[in-house]
Amino acid sequence: MDQLLLNPGFPLLSALIFLPLAGALLLLPLRGDGACRSVSLAVTALVGLLSLLLLAGFDRSTAAFQFGETHPWIAALSINYTVGVDGISILLVLMTALIMPFCVLASWSYIKVRVKTFMICLLVMETAMIGVFVALDFVLFYVLWEAMLIPMYLIIGIWGGPRKIYASIKFFLYTLAGSILLLVAIIWLYRQNGYSFYIPDMMWQSYGSTAQILVFLAFFLAFAIKVPMFPFHTWLPAAHVEAPTAGSVILASILLKMGTYGFLRFALPIVPDATFLMMPYVLWLSIAGIIYGGFTALAQQDMKKLIAYSSVGHMGFVTLGIFLLNKQGIEGAILQMVNHGVTTGALFLCVGMIYERTHSRELSSAAGIGTYMPVFVTFLAFFSLASFGFPGTNGFIGEFMILAGTFQYDIVLALAAIPGAVLAAAYMLRMLQKIIWGGTDNPDQSWISDLNRREIVTLAPFLLFVLWIGLGPAPFIALMDESVSALLTNLQAHQAETLSAVSWLRP
Amino acid sequence: MLFLPELIVLLSALVMFLVSLGKPTAPTIHRLAVVLGAAVLLATIAGLGLDGSLFYESYRVDRFSQVFKLLIGSATLIVLLFSGTAPGVKNDVQAEYYLFLLIGVLGLMMLVSSVELLAIFVALELSSFAVYIMVPMRSRSGNVVFQMESGIKYLLFGVMTTGFMLFGMSYLFGLTGSTYLTDIIDALALMTSEPAAMVAIMMVLAGFFYKLALFPFHFWVPDIYEGAANETTAFIAAVPKIAATAMLIRIVSLAAGDSENLVSILLFCSIGSMFYGNLCALVQTDLKRMLGYSAISHAGFVLFGLLTFGADGYATSLYYVTGYAAMNLACFLVICTVATNGENLAIADLAGLHQRSPLLALTLAIGLFALAGIPPFVGFTGKFMLLVNAFKQGLIIPVILAALNTAIALFYYLSAVRMAYCTDPEKAGQTLQPGPLRAGVAVVLLLIIIAMGVAPGGFLQIAATAIAAVL
């Protein structure tokens with residue numbers, strides 16, 4: 001347990017996990033939509049503020065898990081409630097806690113029916129999402145990982161668009177089918193590790209190579225579907241298009257990150273040999289995702305679909321960065337996870353704002369609204385530029401680091417990834433041009449009003465982070481640096497060990 | 001006083017018999033049935049600490065049997081509480097209906113205490129015949145006309161498996177010269193490789209497979225679930241399964257895991273049950289038929305726990321069947337409340353349930369998600385522990401197959417949840433008032449499903465002490 005620094009004081013992580021759940025219970029007896037909205041905003045804002053305490057107390061000089069708590073849970077199977085954060089998870093926890101209040105704000109007038117149920121779903125989601133990022137017990141992780149499917153299913157299935165039934169069931173089935181074998185892998189690891197579910201103990205063990213490959217495949221199926229990596233991405237456009245704005249934001253900004261987080265937290269440290277073996281395939285699959293996502297996005301007429309496919313491309317960059325297994329790559333990937341959360345979340349908010357006005361997600365019906373919504377299109381322009389990695393915005397830093405790492409690894413691979421970046425510019429600028437100026441056949445938009453104060457408050461913080469990470473990424477990278485270095489040191493040590501073992505076997 | 005809970009059940013049945021001689025109204029009978037059910041539950045609680053044996057050692061009262069009696073008593077009371085005035089049962093035989101229900105409970109309670117072959121047989125038949133009669137007692141108000149067919153099917157299949165079981169018992173007696181389970185265990189330990197011993201155990205098991213609705217003795221399930229009144233189905237779906245699990249634990253521990261062949265046969269039944277139940281359930285449109293097929297797949301999971309032939313596995317099976325009873329009762333509570341005239345419900349009839357009654361929709365959704373095995377509900381925790389225990393025995397491929405079944409099953413459970421939650425039909429039907437009694441039962445069931453799922457420790461300890469009493 002030396003990787004876990006126990007927190008003797010206030011149980012901050014438990015507070016972050018259980019506060020939203022308590023808020024959801026508080027909502028149960030409430031009557032009146034307004035009260036439900038205000039209470040959920042207050043609860044999510046409080047969680048957001050508490051998460052800043054995490055940042056203040058975080059020790060950047062250690063790779064161990066901090067703010068640790070551990071309590072026995074199910075003694076019969078030695079399952080514990082163990083939580084902690086390190087440099088890899090802290091940014092994701094912060095992002096989750098900080099984005100949720102804006103999801104509530106974005107649903108303020110968008111959700112008109114069954115407001116209480118919606119807010120309860122959002123709050124339960126927040127509990128599960130924060131829990132997934134800080135769980136250090138594999139059963140705790142799996143329970144929360146699966147439990148979040150229920151509120152997300154309801155969010156898409158109840159408040160979604162016309163094809164909500166199809167989209168929500170596809171989302172649920174796809175994700176569940178993917179994680180079934182993860183459960184088997186977890187039980188296998190439990191048996192190998194002297195009947196313990198404690199995740200740090202499972203890392204850097206020498207399991208047999210066939211077993212490692214099988215465990216890796218189980219991990220890969222679960223996480224690749226969640227990311228989603230090409231060719232497991234087909235649930236994503238359906239779910240994104242049908243989900244309400246807040247649902248799309250949660251999906252894009254947080255849920256997708258769980259897949260890549262899973263690769264970093266589990267696949268790399270637990271089955272390093274299989275990771276080295278599978279690395280080239282995953283890298284090329286990432287490239288396929290980048291190019292495929294780019295071309296498909298270029299052809300979309302539906303704004304939400306366009307952004308959904310762009311997510312496939314962006315998440316391709318993230319998996320590319322992770323499986324390069326070098327420092328630029330992994331740090332770039334983590335940063336790009338945050339960037340994608342900020343920019344794509346903001347883009348979905350923007351589309352939601354158009355949808356609330358025109359009740360259409362078609363690019364053609366939003367053509368030319370720049371004339372009547374100058375403030376809105378300014379925001380949109382910044383987020384679109386950030387999305388394709390324009391210098392000065394956050395997207396640039398992330399993609400640059402990943403591409404730099406790729407060049408260090410293999411020039412051919414890097415050259416294959418470059419067209420993805422160009423495609424991103426093409427589809428984003430195409431969307432931007434249509435929305436701001438349109439053409440000669442723009443529909444009549446003169447009745448549309450510009451953003452109100454609530455909407456500006458919703459978008460402004462996203463813009464702040466776009467520019468902050470774009471102009472001064474050092475504090476963000478400093479947070480994760482120690483953990484990533486430790487991960488890579490361990491990986492290299494393990495690789496050297498394996499190589500020496502193999503060379504000793506050779507005649 | 002070792003016989004106290006059984007005596008109270010018998011007395012309750014006699015009270016019902018006396019009532020059936022007069023002409024009481026349905027609400028009076030229902031109120032009386034609830035009071036009697038509560039008395040039975042109290043008696044089982046009072047009887048928890050009893051220990052001893054009766055009738056020349058053929059009737060064992062110990063921790064194991066008393067815990068099962070408590071479970072049977074609680075499940076029965078829950079069924080009685082939510083069945084209301086039993087609109088699905090013919091009006092003129094209401095008192096007789098509860099009479100047979102209580103006799104069925106008596107048989108099941110005797111079953112879990114029986115440790116001698118003839119006692120087992122008598123108890124099993126007492127419970128079975130009572131339930132055979134309950135099935136055709138369905139009224140025609142719900143436009144269902146095949147209750148008699150269902151009753152006959154139930155009887156014929158039941159009698160056939162009883163034949164199997166008696167034949168198996170005769171083998172056991174022939175091989176060991178005794179009808180006492182304790183003697184049989186000692187004698188069988190010397191002849192585990194004998195094919196005759198294995199055939200005998202398999203045949204005896206067939207009787208309980210039938211009660212538990214396990215492949216390949218599952219044929220009756222969908223038809224009887226559909227043909228019996230909703231209240232009867234709720235009873236059949238929950239209570240006999242608890243007793244059947246108790247008997248399976250007793251019989252399977254006879255073999256004690258020495259026989260490789262027996263394990264493979266049981267494994268085949270278990271996995272076959274899961275796949276058969278889940279695949280057939282995918283295409284059902286009637287809610288009770290769907291739950292019937294889901295019952296077949298869950299029976300496979302219960303048997304999966306027994307396959308480990310260890311105290312942990314048995315305790316997990318006990319945990320699983322208890323959780324299963326709670327989840328199933330939650331779903332049947334909703335069915336009984338929504339079907340105000342005792343008719344059969346199609347899955348499509350659930351459309352817009354969230355508008356008609358939010359509490360019922362929530363109960364159904366949590367019940368179905370729990371059945372599907374989604375955390376943090378009891379269905380997940382139970383399945384997870386079953387898989388862990390099986391993995392410890394090295395049954396890796398079966399574990400993977402069992403896990404895959406969770407994904408298959410999800411689809412049909414979701415289709416019902418989808419109807420209840422995600423549809424807003426033009427004409428949603430009138431609002432449903434579940435009434436304080438049903439609402440209270442629904443909340444209690446939800447709390448059980450969640451509490452057992454999140455904090456299974458306490459229950460597992462009780463289960464472990466109960467199992468320790470028989471091993």
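Modeller: Let us begin with a helix pair in chain B. The axes of H11(B) and helix H12 (residues 287–306) of chain B come within 7 Å and cross at roughly 155 degrees. This is a predicted model, in which local features need pLDDT of at least 70 and side-chain atom pairs count only at pLDDT 80 or more, while totals for chains, interfaces and linings use all residues. Residues are numbered from 1 along each chain as its sequence is written, chains are lettered from A and ligands numbered from 1 in the order in which they are written, and side-chain values use heavy atoms, with hydrogens and water left out.

Colleague: What makes H11(B) roughly antiparallel or roughly parallel to H12(B)?

Modeller: Angles run from 0 to 180 degrees between N-to-C directions, and axes are lines fitted to C-alpha atoms, for helices over the stretch in contact. Angles under 35 degrees count as roughly parallel, over 145 as roughly antiparallel, 65 to 115 as roughly perpendicular and the rest as oblique. The angle here is roughly 155 degrees, and H11(B) is therefore roughly antiparallel to H12(B). The helices themselves are DSSP runs (H or I, at least four residues; strands are E, at least two), numbered from the N terminus.

Colleague: What is the handedness of the crossing of H11(B) and H12(B)?

Modeller: H11(B) passes H12(B) in a left-handed crossing. That term applies if the near helix is turned anticlockwise from the far one by less than a right angle, and right-handed applies if clockwise.

Colleague: Which residues meet in this pair, H11(B) and H12(B)?

Modeller: Contact means heavy atoms within 4.5 Å. Among the residues of H11(B) that meet H12(B) are Leu266(B), Cys269(B), Met274(B) and Tyr276(B); the H12(B) side includes Met290(B), Tyr293(B), Phe301(B) and Phe304(B). The contact divides into 14 nonpolar, seven polar and no charged residues. In that division Ala, Val, Leu, Ile, Met, Phe, Trp, Tyr, Cys and Pro count as nonpolar, Asp, Glu, Lys and Arg as charged, and the others, Gly among them, as polar.

Colleague: Why is the pair H8(B) and H11(B) described by its direction as it is?

Modeller: Helix H8 (residues 195–212) of chain B and helix H11 (residues 260–281) of chain B pack at an angle of about 25 degrees, with their axes 11 Å apart. H8(B) and H11(B) are therefore roughly parallel to each other. The crossing of H8(B) over H11(B) is right-handed. Met198(B), Leu205(B) and Phe209(B) are among the H8(B) residues in the contact, and Leu262(B), Ile265(B) and Cys269(B) are among those of H11(B). Nine of the residues in the contact are nonpolar, one is polar and none is charged.

Colleague: What makes H12(A) roughly parallel or roughly antiparallel to H17(A)?

Modeller: The axes of helix H12 (residues 272–298) of chain A and helix H17 (residues 411–436) of chain A come within 8 Å and cross at roughly 20 degrees. That makes H12(A) roughly parallel to H17(A). The crossing is left-handed. The contact includes Trp284(A) and Phe295(A) of H12(A) and Tyr427(A) and Arg430(A) of H17(A). Its residues divide into 16 nonpolar, two polar and one charged.

Colleague: How do you know how many disulfides there are over all chains?

Modeller: A disulfide is a pair of cysteine sulfur atoms within 2.5 Å, and a search of the whole structure finds zero. For Cys121(A), the nearest cysteine sulfur, that of Cys422(B), is 9.8 Å away. The sulfur of Cys336(B) is 11 Å from the closest cysteine sulfur, in Cys331(B), which is too far for a bond.

Colleague: How do Phe67(A) and Glu57(B) stand in relative accessible area, buried or partly exposed?

Modeller: Phe67(A), in strand E2 (residues 65–74) of chain A, has a relative accessible area of 13% and is therefore buried. Glu57(B), in the loop between strand E1 (52–54) and strand E2 (59–61) of chain B, has 48% and is partly exposed. Phe67(A) has a positive phi of about 55 degrees although it is not a glycine, and Glu57(B), also not a glycine, has a positive phi of about 65 degrees.

Methods: Buried < 20%, exposed > 50% of the residue type's maximum accessible area, 1.4 Å probe, protein only.
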